[in-house]
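Please look at the sequence and the structure before reading on.

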Amino acid sequence: FKAKRSTLSAEFRELCRKSFENGFDFSKTDDKEFADCVPQQLKAQGYQTVSFHGASSYMYKRHITYPKLGFQKMIFGEDTLDKKQCHSFHGTCDSELFDLVAQEFKNNDKAFVYWLTLTSHHPYSALDITNHRFNCNKYDIKDDMLCRNIKLQVQFLDQLAELSMQPEMKGVEVFLIGDHEIPSLGAEGFWATETGGISFIHFKIKE
């Protein structure tokens with residue numbers, strides 16, 4: 001589906017079905033403005049609401065906004081400094097968080113876990129690629145930014161598949177959603193934005 005603008009816009013689109021036009025500092029926004037957000041609704045139904053993001057909590061003041069959205073527990077980059085740090089967007093590598101995500105479902109009968117991933121962010125650093133299963137040459141894709149992007153996506157999906165097979169994940173419903181169109185190097189050598197939209201995957205792990 002069509003989705004432009006920023007990662008922050010995507011967060012509010014997916015979690016609250018809201019958009020914003022006049023900035024993104026919500027520290028003074030009344031909490032009642034977020035009453036309809038998914039974490040707030042699920043918290044009221046007895047779910048433990050947890051967020052994961054490998055970057056700093058102070059970026060876009062998420063340490064202030066996330067509790068307003070309804071998150072009871074938040075894991076940010078400053079909470080995982082003892083784990084491997086990645087380069088595409090500085091912060092804790094996604095690969096380091098899969099076990100922590102699984103632990104939340106193990107510890108709670110009802111859990112809503114929101115994970116804003118990080119490692120597949122532009123500029124798709126080759127230093128973060130540990131899984132080379134995808135062969136770009138086989139599909140006539142140059143060894144460039146697009147190739148690195150795909151390899152990082154495949155790497156994440158392989159790890160997600162492994163997570164999905166863990167016993168604590170039985171019955172979990174998964175929504176994997178892109179935030180916005182990917183930046184790409186235009187034909188004339190300048191940064192452009194691909195026309196089109198983003199993809200999503202939805203599945204439920206069998207009991």
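The structure is a predicted model, and a search through the whole of it finds three disulfides. If the bonded cysteines are counted along the chain, the disulfides follow the pattern 1-2, 3-4, 5-6. The table lists each pair with its sulfur distance and the angle about its S-S bond.

| Pair | S to S distance | Angle about the S-S bond |
|---|---|---|
| Cys-16 and Cys-37 | 2.0 Å | 105° |
| Cys-86 and Cys-93 | 1.9 Å | 105° |
| Cys-136 and Cys-147 | 2.0 Å | 95° |

The link of Cys-16 and Cys-37 is right-handed, and this pair connects distant parts of the chain, with Cys-16 in helix H1 (residues 7–16) and Cys-37, 21 residues apart from it, in the loop between H1 and helix H2 (38–44). Cys-16 is buried because its relative accessible area of 4% lies under the cut-off of 20%, and Cys-37 is likewise buried, with a relative accessible area of 0%.

The link of Cys-86 and Cys-93 is right-handed, and both of these cysteines are buried.

The link of Cys-136 and Cys-147 is also right-handed, and this pair too joins distant parts of the chain, since Cys-136 sits in the loop between strand S5 (111–116) and helix H5 (145–164), whereas Cys-147 belongs to helix H5, the two being 11 residues apart. Both Cys-136 and Cys-147 are buried.

Methods. Residues are numbered from 1 along each chain as its sequence is written. This is a predicted model: local features need pLDDT of at least 70, side-chain atom pairs count only at pLDDT 80 or more; totals for chains, interfaces and linings use all residues. Side-chain values use heavy atoms; hydrogens and water are left out. A disulfide is a pair of cysteine sulfur atoms within 2.5 Å. Helices (H or I, at least four residues) and strands (E, at least two) are DSSP runs, numbered from the N terminus. Buried means under 20% relative accessible area, exposed over 50%, partly exposed in between (1.4 Å probe, protein chains only).
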